[in-house]
Amino acid sequence: MPLWPVYTGAPAPHDGITKLPPPPPWRAFDGHPVLDPPDEDGDAPATSPDRVHRAATYQASAHTVQLVNAALYLRRPLLVTGPPGTGKSSLAYAVARELRLGPVLRWNITSRSTLHDGLYTYDPLSRLYAARHATEHPDDPAAGTGIENHLRLGPLGTALLPYARPRALLIDEIDKSDLDLPNDLLHVLEEGQYEIPELVRASRDVPDGRAEVLIDGTDQRVPVERGRVRCKAFPFVVLTSNGEREFPPAFLRRCVSLRLRQPDDDHLTEIVRAHLGEPDGYAQQLIDRFLSRVGSGELATDQLLNAIYLARSSGLGTDSLDELAEQLMPYLGRSPQPDAF
């Protein structure tokens, strides 16, 4: 009996959720289980998807391997451009996994992002509250009023710490930034160092000039001397772009540029095999239809993987799967309407 559907639109509650098959490997969450589900009106804590799968299954072309090595040898950022779904961000995770560079530091760029956001954040209001608390409770050892207690390094600031092995830093969708950010980044990445003015000023009142600050993504503290950070091993920096804007020539000259294209038949089959195992007959049909329409610019590889996963796990017949595949992958229908493109 087919597992599909779990949700039926029925008026009465039921336990159909227990029929769900295992999730796609790229959507398998690993939070610790709880004894009971949240209350009816409660919210479950948010978790981040596990990045291990995308790193382990990434299929790099020979051209990609060459340019990644060029960036590693030259200690230069790698600017990766290409359509959505071609694995631009996954590349950073794959390289970090193979070379044991530790967890990838990720900086998601928006139109409001500034260099300061990537380097560090400082909360003067929390320091003000701490100072008030220290005045009211002078014997409380938790009342930390030092600047370092209200400052955290960002992903870029953390990547430039003097690690013995380089860290991997993903600066995602750099083309969404304002006009100044690429040039601002250029200076910091050229020098491999930066200053934290708040700590520079505070270090004058500290005998050794050292401060322990939090780093991005963890509660770990690292020492910063006299407010200055200088890298030892230049990080492996991947900047991704959808090709939506032009970058300053000075910025481009100092990056190793890699342009990813939509995979061909053999490469796409290898991607499907790495994620979901050997493609069956229906999966191969979807691959062929995907390749015939991918030039429209409306399709991404993850949409194909979603459709193949559903074909294997839902138990639906071919006719129903065709209709569902067309909904998951727009313009993939066998007979598109003339005005579909």
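## Reading a fold, feature by feature

Me: Where does T301 lie?
Reply: T301 lies in helix α12, which covers residues 301–313. A helix here is a DSSP run of H or I with at least four residues, a strand is an E run of at least two, and both are numbered from the N terminus. This is a predicted model, where local features need pLDDT of at least 70 and side-chain atom pairs count only at pLDDT 80 or more, while totals for chains, interfaces and linings use all residues. Residues are numbered from 1 along each chain as its sequence is written, and side-chain values use heavy atoms, with hydrogens and water left out.

Me: Is T301 buried or exposed?
Reply: Buried means under 20% relative accessible area, exposed means over 50%, and partly exposed is in between (1.4 Å probe, protein chains only). T301 has a relative accessible area of 6%, so T301 is buried.

Me: Which residues is T301 in contact with, leaving aside its neighbours within four places in sequence?
Reply: Contact means heavy atoms within 4.5 Å. On that reading, T301 touches G85, Q262, P263, L268, I271 and F290.

Me: Let's zoom out. How many helices and strands are there in the protein?
Reply: You can find 13 helices and 11 strands. The protein has 341 residues, and buried ones make up 41% of them. Take the contacts with a separation of 6 or more: 75% of these join residues 24 or more positions apart.

Me: In which sense do β2 and β5 pair?
Reply: Two strands pair if DSSP finds at least two bridges between them. β2 and β5 (residues 168–172) pair in the parallel sense, over 4 bridges. Look for L105 standing opposite L169 in β5.

Me: Which residues have the most contacts inside the largest nonpolar core?
Reply: A nonpolar core is a set of buried Ala, Val, Leu, Ile, Met, Phe, Trp, Tyr and Cys residues joined through side-chain atoms within 4.5 Å. The largest one has 38 residues, and L153, L156, I171, L185 and L239 have the most contacts inside it. Helix α7 (residues 181–191) gives the most to this core, with 5 residues. Another core, of 22 residues, lies apart from it; L67, V68, L101 and F236 are among its members.

Me: Which residues of α7 are buried?
Reply: An α-helix has 3.6 residues a turn, so residues three or four places apart point the same way. The buried residues of α7 are L181, P182, L185, L186, V188 and L189. After α7 comes G192, with a positive phi near 65°.

Me: Where does V213 lie?
Reply: V213 lies in strand β7 (residues 210–214). At 0% relative accessibility, V213 counts as buried. Beyond its neighbours within four places in sequence, the contacts of V213 include L153, L199 and V224. V213 and V224 are 11 residues apart in sequence, and their C-alpha atoms are 7.1 Å apart in space.

Me: How many aromatic pairs does a search of the whole structure find?
Reply: A pair of aromatic rings is described by the distance of the centres and the angle of the planes. Rings of Phe, Tyr and Trp (its six-membered ring) pair if their centres lie within 6.5 Å; planes under 30 degrees apart count as stacked, over 60 as edge-to-face and the rest as tilted. The search finds 1 pair. The ring centres of F247 and F251 are 5.5 Å apart and their planes are at 45°, so the pair is tilted. Both F247 and F251 are buried.
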